[in-house]
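Open the model in your viewer and keep the selection tool ready. We will visit a few stops together, one selection at a time.

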Amino acid sequence: MIYADNAATTALSPAAFRAMQPFFSEICGNPSSLHAAGQAAKRALEDARARIAHCLNTVPACITFTSGGTESDVQALRSAAAIGAKNGKRRIISAAFEHHAVLRTLDALAQEGFQITLLPVSAEGFVSPDDLAAAITADTCLVSIMFANNEIGTIQPVQEIGAICRQHGVPFHTDAVQAAGHLPIDVQALNISMLSLSAHKFHGPKGTGVLFAERGIRLKSVITGGAQERGNRAGTENLPAIAGMAAALEESISRIPQQTGLLLQRRNRLIEGLSRIPQSFLNGSLSDRLPTNVSFCFAGIEGESLLLMLDRRGICASSGSACASGAAEPSHVLRAIGRPNELARGSLRLSISADTTDAEIGEIIAAVTESVAFLRGMAASVS
Ligand SMILES: *Cc1c(COP(=O)(O)O)cnc(C)c1O
């Protein structure tokens, strides 16, 4: 099997697996317990927090553990909204191509009386800092723009966006779920006030994530209950997953310098190969793009049919985002960059990892080329 859907989820790394193992045997306490077993668990929890804080160039007090990227996004938005409402500021600025975790939460906040401004995305896949500067009003309580897009891989001008937000005194949240492990993230240098991470997107375990919030931002708990996570997130901490996440984040960041060149080489070979297919269109810019992301639209085919044909040949890919596949609606991201509905329906996302070999790249190119030709032939014979 060729796994080329690493933007949907990644395999657990051996280092993360090893880091998790003691928590299924020796270290069995609850970090909230005062006895020795609890205190051993507490030490492990705080060790993971310190290491993750170090990876982001912040302090442990700014790190809250959540159940993943979705919960971190929801909590970031709801916290900023609560602070905004208290200060009479009810506008939130975001962008049309955000993950549904952000967009659906904004829908809910709109129902609750917030004004939502969604910035447009260029044909190349970028939010413009000038558009943001023009959109910020005195009643803006939050700007939320993703670090890198999950469907088309474009990396946003996060530092510039953050600088504009700082100038206006507006907190800046970024969904960095797709960026983490591929790009260095320094929350201070990038002017980030809040940031979401998800462990299973960087070879950590599923079901755990991080919400970074800079000092001065009072988080609103979306899960009510006990006083875990300094009252920011109730419920017994998922310690095995948190330990695995810390190991996976450290490992993936430490590998960025050696791996990026190789990934870019393979990604570019894949893009070149698929560009040779007639009527194929790369989604998103070639520059400022995740080294793992390849996204195309092929005219005259259904992405879903292509996906199933590739699956039969042992290739795991995605047509748009995992949440959107199965739905007939074309991807909101592809619509945001101006792809006509017809073309957007023929989309394919391939997301590679350092485990993707050169031979696999060749197999994918051949399989996609043949499958697209076959599907177009079928369409022509039907009409
Ligand atoms: C996967 C993903 C999420 C959701 O993360 P989960 O941990 O699966 O809830 C949010 N945002 C982006 C950009 C993602 O790719």
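Select the ligand and Gly 69: a polar backbone atom of Gly 69 is 2.8 Å from an oxygen atom of the ligand, a polar contact (a pair of N or O atoms within 3.5 Å). This is a predicted model, where local features need pLDDT of at least 70 and side-chain atom pairs pLDDT 80 or more, while totals for chains, interfaces and linings use all residues. Residues are numbered from 1 along each chain as its sequence is written, and side-chain values use heavy atoms, without hydrogens and water.

Next comes Lys 201, with a side-chain N or O atom 2.8 Å from a ligand oxygen. The protein covers 86% of the 380 Å² of accessible area that the ligand has on its own (Shrake-Rupley method, 1.4 Å probe).

Which residues come nearest to the ligand? Among the 13 around it, they are Thr 70, Asp 175, Gln 178, Ser 198 and Lys 201 (a residue is near if a heavy atom lies within 4 Å). Helix α3 gives the most to this shell, three residues (helices are DSSP runs, H or I, of at least four residues, numbered from the N terminus).

Finally, select helix α3 (residues 69-86) and helix α4 (residues 100-111): their axes come within 9 Å and cross at roughly 35° (lines fitted to C-alpha atoms over the stretch in contact, with angles from 0 to 180 degrees between N-to-C directions).

Definitions and conventions:
Helix = DSSP H or I, 4+ residues; strand = E, 2+ residues; numbered from the N terminus. Polar contact = N/O pair within 3.5 Å; in protein donor to acceptor, adjacent residues only side chain to side chain.
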